[in-house]
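Please read the following report alongside the sequence and the coordinates. It takes up strand pairing, charged side-chain pairs and a few individual positions in turn.

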Amino acid sequence: MRNMQDSSNSGLFDGRNLIVFDGECVLCSNFFQFMLRRDRTRQFQFATAQSPLGQGLYHELGLPTQNFQTNLVIVEGKVYQRLDAFAAAMRRLPGMWPVLSLCRFLPAVLKDPLYRAIARNRYAIFGRAEVCFTPDASTQSRFAPQGY
């Protein structure tokens with residue numbers, strides 16, 4: 001796996017789009033379900049942070065591989081984290097959803113602490129699943145192969 005510290009490396013995933021989410025976090029799993037329902041053109045593939053692919057990506061980015069502090073959204077090879085990840089995902093959806101991507105223009109001094117506060121308390125606020133999310137047969141095809 002290539003070094004991903006430079007998140008502007010547009011050739012990293014050959015233009016494929018990926019959302020990596022914490023499969024134990026109820027909020028994160030709900031975000032996955034939201035994206036799955038609205039991504040009708042199947043632009044995104046998905047992986048849980050607990051999967052070998054997710055673990056490799058978090059490791060390469062120098063992020064914790066147990067206590068996940070951000071979802072990752074990779075669009076056309078560029079890696080997004082925190083609120084910028086949410087904005088990148090929203091920009092790819094049809095209809096009114098791209099308006100939510102305007103949050104990317106908030107100053108980092110506001111959006112990063114806000115995101116970190118929610119991430120730090122997400123299990124207490126939204127809950128934690130007893131087991132990691134496992135895709136059923138109808139969603140399995142949307143999950144990235146581990147060798148992505």
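This is a predicted model: local features need pLDDT of at least 70, side-chain atom pairs count only at pLDDT 80 or more; totals for chains, interfaces and linings use all residues.

Residues are numbered from 1 along each chain as its sequence is written, and side-chain values use heavy atoms, with hydrogens and water left out.

**Strands**

Helices (H or I, at least four residues) and strands (E, at least two) are DSSP runs numbered from the N terminus, and two strands are said to pair if DSSP finds at least two bridges between them. Strand β3, residues 72–75, pairs with β1 in the antiparallel sense over 3 bridges, and 4 bridges join β3 to strand β4 (residues 78–81), again in an antiparallel arrangement. Val-73 of β3 stands opposite Ile-19, and its bridge partner in β4 is Tyr-80. In a regular strand the side chains alternate between the two faces of the sheet. Both faces of β3 are covered, since Leu-72 and Ile-74 on one side and Val-73 and Val-75 on the other are all buried; here buried means under 20% relative accessible area, exposed means over 50%, and partly exposed lies in between (1.4 Å probe, protein chains only). β3 and β4 form a hairpin with 2 residues between them, and Glu-76 in this turn has a positive phi of about 50 degrees.

**Salt bridges**

Side chains of opposite charge can pair when their charged atoms come close. The structure holds 5 salt bridges, each defined as a side-chain nitrogen of Lys or Arg within 4 Å of a carboxyl oxygen of Asp or Glu. The table lists some of them.

| Pair | N to O distance |
|---|---|
| Arg-92 and Glu-76 | 3.1 Å |
| Arg-82 and Asp-112 | 3.5 Å |
| Lys-111 and Asp-84 | 2.6 Å |

Arg-82 is partly exposed at 23% relative accessible area, whereas Asp-112 counts as buried at 16%.

Lys-111 and Asp-84 also meet through their side chains, linking helix α4, which holds Lys-111, to helix α3, which holds Asp-84, across 27 residues. Lys-111 is buried, with a relative accessible area of 6%, while Asp-84 is partly exposed at 28%.

**Two loop residues**

Thr-70 is placed in the loop between α2 (52–60) and β3, where it counts as buried at 6% relative accessibility. The side chain of Thr-70 reaches the backbone nitrogen of Arg-82 at 2.6 Å. Leaving aside residues up to four places away in sequence, Thr-70 touches Tyr-58, Leu-63, Gln-81, Arg-82 and Tyr-115, contact meaning heavy atoms within 4.5 Å.

Gly-23 lies in the loop between β1 (17–21) and α1 (26–38) and is buried, with a relative accessible area of 2%. Gly-23 and Ala-47 are 24 residues apart in sequence and 8.6 Å apart in space, C-alpha to C-alpha.

Technical notes:
A polar contact is a pair of N or O atoms within 3.5 Å; within protein, one must be able to donate a hydrogen and the other to accept it, and residues adjacent in sequence count only if both atoms are side-chain atoms.
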